[in-house]
Amino acid sequence: MNNAAKYTLSLRNRGGRFVRFAIFQTYGEVADIAVKPLPLAWMVGSVAPGGKSEQSVCEMSWKTARNISLIGSHHIGNDMFSANSVVMPAGSIAESGCAVAYMGDFPFGAPAFVGSVVDDEKGFFLIQTDATIPPFARQHGENCFLKIGLSMAGRQVSVADLHPETHYRFSLEPVYRIVAGEFFPGQIIEEQEVEKSYRIDFGQEINKTIIIKEDGSFTDEK
């Protein structure tokens with residue numbers, strides 16, 4: 001997606017404390033709650049202390065090129081591990097959807113995109129799994145776990161378990177959020193972190209400035 005939009009976010013620290021943070025995304029999703037995608041720490045950073053006379057600024061830019069991936073991870077005893085994945089640009093399935101199946105004998109096969117599906121609701125990533133995807137109890141019993149992942153600008157954004165005969169709808173318009181704390185890239189953002197995070201509302205703009213106040217909280221630039 002070379003024509004993907006480029007976003008820029010500036011964090012201006014007006015407080016006297018060093019702030020670490022994680023930016024993550026939440027995606028609207030219409031499916032069984034058991035397959036709700038987990039948000040991951042997508043962009044991790046920090047900003048030095050600032051003040052009235054000097055402001056510390058951290059600026060980040062990214063393109064909204066998105067990929068969707070199928071991941072299989074097989075834990076074979078304590079000393080052996082195998083993984084496979086297949087990745088597709090999300091733009092290529094945005095207008096319809098994609099069918100997903102498991103090819104080969106589980107757990108020694110691989111998940112794959114196997115065709116297209118049609119859905120009348122626009123503005124979503126659409127994924128339909130069939131009965132070849134093993135149920136989670138069997139995945140657990142074989143220590144082989146199947147996931148569907150979303151990424152943006154080459155970084156993992158969220159992940160969900162693959163279940164058989166399930167229709168996933170992931171919104172094409174993610175909500176960007178920021179939360180203070182120490183995180184590592186790809187770390188699962190727990191619900192309590194989501195609740196205390198600050199929503200970054202770009203609106204119709206692609207450039208945004210967020211202020212870090214004296215108490216370490218976030219607010220929009222006035």
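The talk below turns to salt bridges and accessibility.

Mentor: This is a predicted model, where local features need pLDDT of at least 70, side-chain atom pairs count only at pLDDT 80 or more, and totals for chains, interfaces and linings use all residues. Residues are numbered from 1 along each chain as its sequence is written, and side-chain values use heavy atoms, with hydrogens and water left out.

Trainee: Why is the contact between R20 and E182 called a salt bridge?

Mentor: A salt bridge needs a side-chain nitrogen of Lys or Arg within 4 Å of a carboxyl oxygen of Asp or Glu. The closest N and O atoms of R20 and E182 are 3.4 Å apart, so the pair qualifies. R20 sits in strand β2 and E182 in the loop between β14 and α2, so the pair ties together parts 162 residues apart in sequence. Strands here are DSSP runs of E, at least two residues, and helices are runs of H or I, at least four, numbered from the N terminus.

Trainee: What makes E182 exposed or buried?

Mentor: Buried means under 20% relative accessible area, exposed over 50%, partly exposed in between (1.4 Å probe, protein chains only). E182 has 62%, so E182 counts as exposed. R20, at 39%, counts as partly exposed.

Trainee: How do you know that K147 and D161 form a salt bridge?

Mentor: Their closest N and O atoms are 2.4 Å apart. K147 lies in strand β11 and D161 in strand β12, so the pair ties together parts 14 residues apart in sequence.
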